[in-house]
Amino acid sequence: MSEAENGLPTKTGRRLARWREYHAYQYLRAGEDYHAFDFVRQIGREPAAAVEWPAAVEQRAREFEEQHLVVSAHDHLSLRPTDPAHFAEYRRQGREATPYEGIAHSGVDLFFDGGPAAVSMIRSHTPWDWDDTISDLAMRQSDWAHQGLVAPVRDLGDLDRARATDRVGVVLTLEAATPIGTDLDRLDILYGLGVRLLGLVYSESNQLGSGLADTGDGGLTLLGRRALRRMNDLGIIVDVSHTGDQTALDAARRSSAPVVITHAGARSLWPSARMKPDEVIKACADTGGYIGVEAAPHTTITRGYPQHCLDSVMEHLEHCLDIVGIDHVALGPDTNFGDHVAWHRVFGALLGKDGQRRQLPPHQPVAHVRGCENPAESTRNMIRWLFEHGYSDQEIAKIAGGNVHRVATQVWCG
């Protein structure tokens, strides 16, 4: 019998009680200390994106979520303005709003939060500016310190305490090490600020290696090899989601700890540079790492589903299961609360999208991905899809959180 049937609150109910309707930066005076934007709805923003599941599937999934660790290997816990015309002004203010209500509804126990990605613009118009990066990391934690739902996670003890008190754990990550420039000691600073997972490169090449959007791939540089060793020594998980293929292979070969792909899909299913070839997926799995299957608009499409949707996302997931097995696949939706397509359109150059010119098969543009529109829906629907398609509780427990937890244990406690 479930908690709801016993008349007890569900996980979502307990977290909504923790939330207490706090909104971002509520400790300040809106309109006086900062500009208050009109934000999108966190629940049901796109009704057409919703998926209805059979009652038996829904019940089984809810019971599973009560009993097992659920992890998003990569999402952006960012609440975006309703009007895309305000995106740039919003980022320049430097106060990324955390979507607490949506987090409470997500069913996720631990988020790896990618933050605002390459979109800096607070003090500089340069992507991955160091000062902007530090400001973003510190500003979000200042807001988190004033509420009772989100708990920063720097080690497994933090995660255990968060789950025991009905809070949602959040791991700070960056999608690129670009802000460190050539100063490896900045990796220690990032670690000190709570960063526990770091991408080597984001699309455009940096001092460490080559990015997936660039014209060539020379692999890890000498500095990149030294940075990799420092990350291993510190206990920062190495992410190659946005690197070039050879750079990812070099990282997997040289790392003394698991190397992961937090958010991508299979290039053998969709020939986009954002997807990973089977060789790279296998190389990361061979280190003990995993691939988190993503759902950001216009990424994990397939020829069978040329209109991006939950089914195309899960076709990528099943392909990854086929080539690396149940111990090396996770859920990495890469979603946010707002118009994701418009965000890419506004900041495409900063995100390196103007360099991703690989010719793709015919496909249908979407305004949102049905079933994976935001972090409150995507992981939940991916889990329910697995139940509807016959996966066991034990298999889903690995995909939904166990594989990420194993890697975190090995890297953070090693």
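Tutor: Residues are numbered from 1 along each chain as its sequence is written. In this predicted model, local features need pLDDT of at least 70 and side-chain atom pairs count only at pLDDT 80 or more, while totals for chains, interfaces and linings use all residues, and side-chain values use heavy atoms, with hydrogens and water left out.

Student: Why is Thr 247 called buried?

Tutor: Buried means under 20% relative accessible area, exposed means over 50%, and partly exposed lies in between (1.4 Å probe, protein chains only). Thr 247 has a relative accessible area of 0%, and therefore it is buried.

Student: Where is Thr 247 found?

Tutor: Thr 247 belongs to helix α9, residues 245–254. Helices (H or I, at least four residues) and strands (E, at least two) are DSSP runs, numbered from the N terminus.

Student: What makes the approach of Thr 247 to Ser 210 a polar contact?

Tutor: A polar contact is a pair of N or O atoms within 3.5 Å; within protein, one must be able to donate a hydrogen and the other to accept it, and residues adjacent in sequence count only if both atoms are side-chain atoms. Here a polar atom of the Thr 247 side chain lies 3.0 Å from the backbone nitrogen of Ser 210.

Student: Which elements do the buried residues of α9 pack against?

Tutor: They pack against α8 (222–234), β7 (259–264) and α10 (278–286). Those buried residues include Thr 247, Leu 249 and Asp 250.

Student: Why is α13 called roughly antiparallel to α14?

Tutor: Axes are lines fitted to C-alpha atoms, for helices over the stretch in contact, and angles run from 0 to 180 degrees between N-to-C directions. Helix α13 (residues 378–388) and helix α14 (residues 393–413) pack at about 155°, with axes 10 Å apart. Angles under 35 degrees count as roughly parallel, over 145 as roughly antiparallel, 65 to 115 as roughly perpendicular and the rest as oblique. The pair is therefore roughly antiparallel.

Student: Which residues meet between α13 and α14?

Tutor: Ile 383, Leu 386 and Phe 387 in α13 meet Asp 393, Ile 396, Ile 399 and Ala 400 in α14. Contact means heavy atoms within 4.5 Å.

Student: How do you know that Tyr 100 is buried?

Tutor: Tyr 100 lies in helix α4 (residues 100–105). Its relative accessibility is 1%, so Tyr 100 counts as buried. Among the residues that Tyr 100 touches are Trp 19, Tyr 22 and Trp 144.

Conventions
Lists of a residue's contacts leave out its neighbours within four places in sequence.
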